[in-house]
Amino acid sequence: MSQIIEFQTSRLGFDLENQIWAQVNDDNIPLQKSLQVSAGILFNKNNWKIDIEPYYKKVSGMTSQTSGYNDQTNDFSNGKGKIHGIDILINKKFNNYRTWVNYSYTKNKFKFLDLENKFFPANHDITNYLSWSHAYKLNSYEFSLGWIFRTGNPYTAVKRFYTDDEGIPRIIIDSDNINGLRLPNYSRLDASMTYSFNFSKNWKGKLGFSLLNLFNNKNILSRTYNAIPIRNSDNEIEYKLKEVNKISLGITPNFVFRVNF
């Protein structure tokens with residue numbers, strides 16, 4: 001079985017998120033193959049832990065299915081992918097306090113000859129990802145703080161928008177620059193506190209409270225486009241192009257109560 005990357009414009013945008021499967025054959029769905037090389041360095045001494053791992057991956061035999069894109073319908077296109085990057089973890093413990101930093105640099109690209117004869121960023125290509133976490137334990141209490149910062153997701157711009165002779169809106173995606181633009185950077189700060197206690201010798205409980213996105217950042221997760229009907233001064237319907245952004249949750253409280261026995 002091969003996983004198919006389905007390109008579609010059902011939301012008048014460019015989407016690679018759908019995941020469908022098909023049986024491999026000798027015609028338009030080849031067997032997918034990959035070559036991956038990775039290495040690692042691990043340092044662990046005096047409550048310091050440093051882990052560094054670079055990697056490279058090459059994938060061939062990828063298959064896409066185009067639905068309503070570039071005037072194609074249900075056509076299969078073969079392609080390949082290239083991924084390279086490095087993961088870095090730094091961890092340090094000071095008595096009851098722990099802190100760790102994670103950083104990832106990744107370049108994840110696709111190339112499908114029938115779509116665009118050059119490599120373009122995959123939808124999930126996050127070039128830079130950085131997280132910094134803290135945890136402090138005081139008796140039965142534990143306090144945590146975590147910050148995440150990453151590059152925004154890539155997206156494809158609109159090349160042209162018009163209304164045809166039948167009055168139907170048409171959005172033409174910029175197929176020469178698939179995922180050529182990026183959303184603003186993503187940033188979030190989270191905090192939490194937990195309290196552990198015992199019901200009895202064999203029953204233990206934990207009560208906790210956390211706040212996600214303390215600064216209430218309006219991070220954009222994805223961007224698509226839509227055609228909005230509007231009546232003009234002559235009471236006729238006209239269509240306007242509207243940018244549709246999916247926004248992450250703002251400041252969000254969470255409660256937890258856990259029992260172990």
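Is F143 buried, exposed or partly exposed? F143 has a relative accessibility of 34% and therefore counts as partly exposed, where buried means under 20% relative accessible area, exposed over 50%, and partly exposed in between (1.4 Å probe, protein chains only). The model is a predicted one, in which local features need pLDDT of at least 70 and side-chain atom pairs count only at pLDDT 80 or more, while totals for chains, interfaces and linings use all residues. Residues are numbered from 1 along each chain as its sequence is written, and side-chain values use heavy atoms, with hydrogens and water left out.

**Aromatic residues and the nonpolar patch**

A pair of aromatic rings is described by the distance of the centres and the angle of the planes. Across the whole structure, a search finds 10 aromatic pairs, a pair being rings of Phe, Tyr and Trp (its six-membered ring) whose centres lie within 6.5 Å, with planes under 30 degrees apart counted as stacked, over 60 as edge-to-face and the rest as tilted. Y141 and F143 form a stacked pair, 6.4 Å centre to centre with 15° between the planes. The rings of W147 and F149 have their centres 6.0 Å apart and their planes at 25°, so this pair is stacked. W147 counts as partly exposed at 29% relative accessibility, and F149 counts as partly exposed at 30%. Y141, which is placed in strand β10, is partly exposed with a relative accessible area of 36%. Strands here are DSSP runs (E, at least two residues), numbered from the N terminus.

Ring pairs link Y141, F143, Y195, F197 and F199 into a cluster. Y141, F143, Y195 and F199 are also among the residues of a nonpolar surface patch, whose members together have about 1200 Å² of accessible area. Patches of this kind join nonpolar side chains (Val, Leu, Ile, Met, Phe, Trp, Tyr) within 5 Å, taken from residues with over 30% relative accessible area and no salt bridge, a salt bridge being a side-chain nitrogen of Lys or Arg within 4 Å of a carboxyl oxygen of Asp or Glu. Accessible areas come from the Shrake-Rupley method with a 1.4 Å probe. Strands β9 (128-138), β10 (141-150), β15 (186-198) and β19 (252-260) each supply at least two residues of the patch.

N108 counts as buried at 10% relative accessibility, and S104 is buried with a relative accessible area of 19%. R223 lies in strand β17 (residues 220-231) and counts as buried at 16% relative accessibility. The table gives side-chain polar contacts of these residues, a polar contact being a pair of N or O atoms within 3.5 Å, of which, within protein, one must be able to donate a hydrogen and the other to accept it, and residues adjacent in sequence count only if both atoms are side-chain atoms.

| Residue | Partner | Polar contact |
|---|---|---|
| N108 | H124 | 3.1 Å |
| S104 | D87 | 2.8 Å |
| R223 | Y155 | 2.9 Å |
| R223 | N245 | 2.7 Å |

Contact in the wider sense (heavy atoms within 4.5 Å) joins S104 to I86, D87, T127, N128 and Y129, leaving aside neighbours within four places in sequence. With that same exclusion, N108 is in contact with K82, I83, F120, P121, A122, H124 and D125. R223 touches Y155, L183, E243, V244 and N245, not counting residues up to four places away in sequence. R223 and N153 are 70 residues apart in sequence and 9.2 Å apart in space, C-alpha to C-alpha.

Technical notes. Patches are made of residues with over 30% relative accessible area and no salt bridge: like charges are joined within 9 Å, nonpolar side chains (Val, Leu, Ile, Met, Phe, Trp, Tyr) within 5 Å. Helices (H or I, at least four residues) and strands (E, at least two) are DSSP runs, numbered from the N terminus.
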